[in-house]
Amino acid sequence: MDQLVRSDPEQEREWRELRAERYATGNLLRDLNQTSAHGALVELGLLPNYTLSDTTTQLEATLYWTEQPETEGAKKRYHSEVRDYERSRRSALSELAPGNSFYVNGYKHVVRALDIGSPERRAWSVWRLCPACGYVRTENAQADASPCPRCGGREIADAGCVQRVLEPKRVMSRDKRDDARVRDDKDERDSKRYAVLTAVDIDPVHLATGSWRHDTAVFGVDFTRQAVVRTLNLGLDRQDGSSTVPLAGADVRINPFYVCTSCGGATSEGRPVVDHHQDALTESLAAATKASAHHQLWCPRRKVRTSTSEGQGKGEDVPLLLAHELTTEAVRILLPASVTRVKERLASFTAALFVGIAARYGGDPDHIDITAASMPDGNDPEWPRRFLVVYDRLPGGTGYLHRLATSDGFREVLLRAREVIDSCPCIEKGLDGCHRCLLRRVPAGDYDKVSRNEVRQMFDELLGADGGDWATSPVTTTHQIPLERQAESDLEVMFLETLGEWAKQPSAKASADAYTTTAGTYSLDLRLTGVDGATVSWRVSQQRVLDSTRPDVLFERTDAPGPRIALYLDGYEFHAGPKHKERLADDAVKRTRLRADGVRVFQLTYYDVKDWRTRVRDTGYASTGPEHPTWVPYGEQGQKRARDYYTGVHGGLPGELSANLWVNPADLLISHLRAPDPSLWQQRAEAAVAGLLGAGARIAALHPQVVGEQLLTALQGGAPQGPKGPVQLLSAVDATGCVVTAAADGRHRPPVWTALTLLDDSDRALSDEAGHKRRWQGWLYWSNVLQFLEHGGGDSVQLTTSLLEGFTTDGLAVTGGAGWLESQRVERPAAVTASPPGDLPELPPAPVILTSGPVQPSDTAHDTDWKQVLEFLDPDEPGLLPLSQGLRALGVVPPEAGYELDEHGWMAELAWPSARIAVVTAHRPADGERDHDAEDRDRAFASAGWRIRTAASCTALDIKNLLAAAEGEDTNTNDGDQQR
């Protein structure tokens, strides 16, 4: 019967497949029979792994030798011996990888082959790895290219994400005994270094209840008993300049092992060269060729054929990655890791956790490991969520980590870690850590990244100086913790560190001394060589409050008088995205107010800073090119008109515009810092606007009396028209789609320019996200440049369509006004300073309020107290600043800013304790969840007899009336007491 079946090729193939299935089923049954009931329950995750047992990889090591015959004429005797060794599968991933040497019992065994199964049933699998997170698709991975179910990324569909992966259970070595013996004359061991990547995948449905977050820091913890930790050996760790690919949120180099499908022979040295047909004289040397050296001796592909018709044996060399898959319990920690110091922060906090765990629970738990993981944030993919994952290396876990998952348990670990780190004797030697504290479980390659100061800063942020600032709240998962504050802080640090790195380059002609202020912020003393050879010096600092708004970075001239420069670093999602679209108008209002106070305002996006940082770090500051994003508002014709105007009207060099204006805005800022001459930049700004004449602008020569209304017409999309006159009005759309309307007043020689840049912030415009993002960038870039028009007697205005309804051109110089910023200094019309619907108009810092009657200025002490209150306000709380300014103008008694109700720390932004009236922040529900913290705060104030309001729900007059009523109630109470 067997003979009959095999006579048909198709039936023979089916026969082989059935035999392979039978063989695999037999192996599975054998493994099950050898597994205890407890072991099976542990593997299924139903019991903790109290036995501390781990899966293993077997090394089948063959030693062979020959014995010389004792009598002449006798044949040599060949001997071989097979020795089996086992290593935990996680350790074997590198120790028993192809090409590596394993030392045991005085012998060196070189791993040369892998057990890859039979031709009909291969042991390897096909995996599809997500580039952005730790998810791995193991079922139908080749065909299923749907988006990642964890992070939603579509990049997983790329063909490069598909890899052949082998979980090695058995590896082979074959060595000559005399060559393998380790001699005393050589103590060094040959060991190869492999690139290892750990990907952690946690299905949200497997997260246990009890996730929590820190109340003030970007920090939180999840716990699960079914985390899937996959460790991959990507091949030899080569730093040969080969390109990197994204995998699991990291950029890695993949150099796979190439394995023969006939014999399992493997090489780690890259793809074997193709065998060339050789003549009979070289056939005996076939075993020495590079292409055949990795095959086992019996492999039919090892020997090179001399006949072209025969070819080599069947089979091929396939690329494989090695992997270890572990399902275990894990604690996932969301960590506030700055993008510029992520390696230092992760390494330092990891080291501190090991110290705290050992000190809190005793001993040295070797079965606990910590790895870094990341996942794109759903709100802004540019700022990934950085995690540390503490996991049990034993399958199923040991039940050890549930103590660390609670808020109280985690606090105890941090406190014990701080105690050990601060009391270690290495402090007296000036060391940043030693084997007794931070460096006890740190890999040698991370020694330079671990910093005691980093740990102290993070502990102070979480625990406070005395450990009393630890306050947490329950959340569904840590994905509910907003990253906005962390992203803004990261962008500041990225900019300042890049500025410091740039200043160190010889081509920069600059220097910078970095230091940390007493407030813990990062600052620089920056010195640049100006165009005339003189030194221009600036003090660069973070988070300085100006007129109740807080720029990200402030530049102050230290060698000569000059205007301060406020720099805003804007991430798209948090400043222009659909969820925060109201900030567009709010940003325009706040920055206009600063310019009105004589402060220069620059605005850079995340993409500007990232591009600048890449060029500084990779190729040096001097390198630019079309591959880098620069501000080019129009094409060649527009650029030619701008250069012609700059040369013909101002006598400037045409190349200055390309070198200083049409560049990355970070480079534009540097150019201004080096040469802060307002006249020079006024001329460049005028040339930039004149370039619109070559970019398809609509032009009309109008009489001055109609210029104001026609400017409004142009801003609303209409064509300017009217009686002819000396004012040239032009309306254009730049290369990004941003609207720019300008007027050149020909009554002056040279003309005086006014320009307005407008961004559509309607829902319809935001629905085209890619287009809206480009227009937003163009709007910021134009505002950076146009502000210099004011030096020549002109104006610039930064507007959004939501501010257009009540905008008036009466204050513009071209319409006969005193100038736009001058009008803002004296009194801001409500329509111009209005925030988006729902917020109150922002009012000037001076004691002026837009009411029907006159307002008397406050006395000096009253005004001084209000200035202190305004300095500590949260500029991002909607309506809080206008409300406070209105209260100040109405002469209301200054409140306590940042008032705390009781020992629980329930806070009010403004509070009048004697009247028990307070203004609190609005509720901020996240992802459909209620703001439980705010609800608890409101109940606490109500229980204490307070009346609370939010800034957006009341007016200054409402608060004044409440205070007056409270005073009347007190008066009546006192009168009643006196009568009694």
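Buried, in this talk, means under 20% relative accessible area, exposed means over 50%, and partly exposed is in between, with a 1.4 Å probe and protein chains only. This is a predicted model, in which local features need pLDDT of at least 70 and side-chain atom pairs count only at pLDDT 80 or more, while totals for chains, interfaces and linings use all residues. Residues are numbered from 1 along each chain as its sequence is written, and side-chain values use heavy atoms, with hydrogens and water left out.

Start with the overall picture. Of the 980 residues in the protein chain, 49% count as buried. The chain has 25 helices and 36 strands; these are DSSP runs numbered from the N terminus, H or I of at least four residues for helices, E of at least two for strands. A contact means heavy atoms within 4.5 Å. Among contacts in the chain with a separation of 6 or more, 65% are between residues 24 or more positions apart.

Now the rings. Rings of Phe, Tyr and Trp (its six-membered ring) pair if their centres lie within 6.5 Å; planes under 30 degrees apart are stacked, over 60 edge-to-face, and the rest tilted. The structure holds 22 such aromatic pairs. One of them joins Phe-941 to Trp-946, edge-to-face, at 5.5 Å centre to centre and 75° between the planes. Are these two residues buried or exposed? Both Phe-941 and Trp-946 are buried. Elsewhere, ring pairs connect Trp-212, Phe-219, Phe-349, Phe-410, Phe-459 and Trp-470 into a cluster.

Charges over rings come next. The criterion is NZ of Lys or CZ of Arg within 6 Å of the ring centre and within 35 degrees of the ring normal. Arg-403 places its charged end over the ring of Tyr-361, 4.3 Å from the centre. Over the face of Trp-538 lies Arg-557, at 5.8 Å from the ring centre.

On to the cores. In soluble globular proteins, nonpolar side chains tend to be buried together. A nonpolar core here is a set of buried Ala, Val, Leu, Ile, Met, Phe, Trp, Tyr and Cys residues joined through side-chain atoms within 4.5 Å. The largest has 95 residues, and those with the most contacts inside it are Phe-495, Leu-499, Trp-502, Phe-555 and Trp-782. A second, separate core of 46 residues includes Val-221, Ala-352, Ala-417 and Ile-421.

Phe-555 sits in strand E25, residues 553-557, and counts as buried because its relative accessibility is 0%. Setting aside neighbours within four places in sequence, its contacts include Phe-495, Leu-499, Trp-538, Val-540 and Leu-673.

Next, helix H17. Just after H17, Gly-717 takes a positive phi of about 100°.

Some backbone details follow. Most residues other than glycine have a negative phi, and most peptide bonds are trans. The peptide bond from Arg-749 to Pro-750 is cis, with omega near -5°, and Pro-750 lies in the loop between E30 and E31. Asn-105 has a positive phi of about 55° although it is not a glycine. Asn-105 is in the loop between strand E3 (101-104) and strand E4 (107-114), and counts as exposed because its relative accessibility is 58%. Ala-248 also has a positive phi, near 55°, in the loop between strand E14 (245-247) and strand E15 (250-252). Ala-248 is buried, with a relative accessible area of 14%.

Last, cysteines. With a disulfide taken as a pair of cysteine sulfur atoms within 2.5 Å, the count comes to zero. Cys-299 is in no disulfide, and the nearest cysteine sulfur, that of Cys-263, is 3.6 Å away. Cys-299 is buried, at a relative accessible area of 4%.
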